[in-house]
Structures are given as structure tokens and as C-alpha cells.
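Trainee: Could you take me through the pockets and one strand of this model, setting each value against its definition?
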Amino acid sequence: MCDQEVMGADFMTDIASDVIAIIAKRKRADKPNVELSDRLDSLGLESLDGVEMIFDLEEKFDIQIPYNANTGNLRTQFDTVNDVVSAIESLVAQRKSPAT
Amino acid sequence: MSRVVVTGLGAVTPLGHSIGSYWQNLKAGASGIGPVTLTPANDELVQKAVAEVKQFDPLAHFPEREVSALDRVSQFAIVAAREAIAQSGITFDMPLSLRAAAIIGSGVGGQTTHDDSFRRIYREDRKRVSPLTIPRLMVNAPASQISMACGLRGPAFVVASACASATHAIGLAFHMVRSGQVECAVTGGAEACITFGTLRGWEAMRVMSPDVCRPFSRGRMGLILGEGAAMVVLEPLERARARGAEILGEIVGFGMGADAADLTAPDRGGMVRAMRAALADAGLAPRDIQYVNAHGTGTAANDESETGALHDVFGTHAEKLAISSTKSMVGHALGAAGALELAAMLLAAREGIVPPTIGYLGPDPACDLDYVPNKARAVTIDAAMSNSFAFGGLNAVLVTKKFS
């Protein structure tokens, strides 16, 4: 199983590892790894990093993420990396089973 | 150095296809924002609210064989220029033609041609595009087309600085007339980029309002894309007087600068420097200004930064200013915005009526000035300022005076 490779000491889903890889690509903070427990505002995301990250996530998972930069920023909508993972998991689940 | 006056105004806008209808609707606080029709409002499109120039029929303005060479942006540009020139009463015969400039702002030029042509080959698998694809879409087309349609043989070019394009263009034209480099200028801005591809691009930035534009208001949700053109005729005061022209207003100052900071986030310091440069160029003090036509896009970031910058520049006088964003009514016409706003500012001073900021729900703690909410107001205006702050951190500000 390919997901074995990304399992560390804690179980991590495919989605979680993909989200972490996408966030890691945008982070500017001087920090070797992105962890599920990391707060978004500790990762040094600037200006357009947030919307570029959303684009990467939407492309990766074929989902539409509702987000308007005028009503808050990513750091206020999602506290931790794990919050982003949960939101993506939920959007992916919705895509797989459209509302009846 | 000559005093530079405006003797003609023309406009094609979401609130009417003439300067008169535009101004009447601005004063009435009408909204030009509605559902998109220029591209199918299907499920592929999230952003469905725009400010379109409605029911614009090119064949009402141009013979059929001319239309094939004109992108929508050039059609708007020519119609507005012709109206402004007609109002000025100038005919560009020799030798005046040689010393008459066409300096036009446009953010992206012929975007409709771009989208339509490349959709054919990339999506519809057609084999060829029109031979006029390139001359229609080139960003200089609006200036070239005005020069040809109106017989202007002096300096002609397009200025591209995104949302500040028209203000930069008008500022350059103003300085060229003031210094005597040209004897007359047709200047302004034109934009027509409500296309599927452009809307999708704006959507991806996550700065668009889903319904209306509420600059400086509590609960504002972002900007609304607009389109249109506005043009003015500039000439030296002595020339206008000598030919007995009606003088609609005076341009007295222009300031510009760059943030050299973030690609899209507004910079309060950069805004301040451009406003101060425009006041210095005009030889006016902050207390001399009564009205500011704000950049006021309706995004959280712009409106807060611009309010802060107005405090910095105007000090305690900021509270006495009437400030409004006409983008609440016509959306953000990007490279044409500064020209639409200059026209509004000149007419506001002339009539002593400030057009409102519509859609205003109530104060936001970060935006604590007088934005003339929802209803036009009588204000005696001697001098006014118009701000344009572009993506890429490019800022341009004009100062005008009522002519007396």
C-alpha cells in the first residue's frame, strides 16, 4: 500500500499527507516539517500564499473550497493544519456522494 | 506652464452610454451591477455578478466592415472619445492634428478577442483564428483606433498599469499639455474584460463580492468587475478661452509612485506618497480639498488601507472630507476606472453634488470617515482628488478644481 510510506508513528490518511505536502510547498517559516498540529499562523504564509494553496488543494482533490479573502483570512478560518485536513476530507466526501 | 482645462467629456458605462446618462444615474445612486450576460452564467462560473455595459450595439456606432477590426474595448474607447471631442467643439484639422495626443489607459486591451480566439483553437478544436486577432487584441489598440477615428497625429499610446492605467494616462496627458509639449489631448481609459477566462482568474484570487459592491461598509465582501470607457479633452486655458469653449473643469495636480512591496496587498505608505505628490504638483494644501473620489474597491484590505492613508494625508481635515466610491455603482472598470472617476469628480465639482457610495450598510471600525452613504449630497467643491491604486503596487492620483 502506497500510504504505508507516509505513515509515521501516527496514522495519517492519504489526504492528510497530500495536504501537508501542499502546505509545505507554500510555507515560508524556517521549519523543517509541517505537522498536523501546526498552527497556520506559525508557517509564515504571506499575501498570495493562501490563495495559491487553495488552488493547489482544489486541483489535487477536484473540489471547490468556499473562501472569500474579504471575510477573514485562512489563519482565521483554519486554526491548524489538521483543521484544513478535516475540511478537505469533508469536501472530498461530499464530492463522492452528492447530496440527495 | 499653462493651466489645463477640460472642454469635453464622453463615457460608455454600466449606467448609460453617454456622459449625461452616466452622471444622472450616479447622482440618483443607481446600480449598474447585475447578472453576467457576456459569458454564459453556467455552473463553471462561480462569479456571476458584474457591472456590464448593457445593450451596447456596435452597429449603432460603426459600419459593419469597421466592427470586424474593433474589439469591444476599442468600440467603447472610440464612442467615448467621439462624444468628448464633439462636446469640446474641436476639429482636428491641420496643423492642430499634429500636436494632438491620444493617451489612453487600458489594463489588458482586447480581452474579448483573446478569449474568443483562443477558445476556438484550444477548446473547440477549430483550425484557425481571424487575421484581425492580433490588431484587435493588442493593448495599444484603443489609442491607435482613437487616433485613426478622430484624426489625432501627435503622441499616441496606451498606458497599462492595471487599475491605475487611466489615471496614469490622464496624468501624463495633463503634464504634456501643461508643459506645451502638445496643444491638445484626448485622454482617458477603456476596459472590456468581462470574459469567462478573466472572471475565472478574478474568482481564483478570492476577492470578489458575490452580489454587490459596498465600499467602506460594514459587511463588504469584495469587488465587482466592471467595464466601459471615459474620455476627456484637455487643452490649455488660453486656447479654450480664445475659441470660446465651455470649460468643464481644470486639472491641477498629478502624483504617482510605486509601493515596491507586495504584488497585490495595498500599501498605506505608497498611497500616502502618491496623494502628497499630487497635492504638491497642484500647489494645494490638504485643507483645500473638499471631495475625494476614492479608489474604494470594496475589498477589506483596500478600504481599510485607503482610509488610513486619508487620515495620514489629511490629518484632522479628513473628517471634513466628502469621500465616495462610485465603484459601488459601476463596479471596478480596472484600466478605465480612473477615467470614469475623473468624469464623476469634474461633474460633482461643477454641479456641487457628490455622488454617493451605495450599498452602505453602516460603519466598519476600520473605515471611520464620511463616505456619503447611499444618497447624493450637495457639497460646495472647489478642489477634489481621485485615487487609483493598482495591483503591482502602482499608485496614481489626480487633483482637479472647479473652473473659475
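Mentor: Helix 2 of chain A gives the most to the lining of the second largest pocket, with 5 residues, where a helix is a DSSP run of H or I of at least four residues, a strand a run of E of at least two, both numbered from the N terminus. This is a predicted model in which local features need pLDDT of at least 70 and side-chain atom pairs count only at pLDDT 80 or more, while totals for chains, interfaces and linings use all residues. Residues are numbered from 1 along each chain as its sequence is written, chains are lettered from A and ligands numbered from 1 in the order in which they are written, and side-chain values use heavy atoms, with hydrogens and water left out.

Trainee: What makes strand 14 of chain B largely enclosed by the rest of the structure?

Mentor: Buried means under 20% relative accessible area, exposed over 50% and partly exposed in between, with a 1.4 Å probe and protein chains only; 6 of the 8 residues of strand 14 (residues 394-401) of chain B are buried, so this strand is largely enclosed by the rest of the structure.

Trainee: Why is strand 14 of chain B said to pair with strand 8 and strand 13 of chain B?

Mentor: Two strands pair if DSSP finds at least two bridges between them, and 8 bridges join strand 8 (residues 249-258) of chain B to strand 14, running antiparallel. Strand 13 (residues 383-390) of chain B is likewise joined to strand 14 by 8 bridges, also antiparallel, so both meet the criterion.
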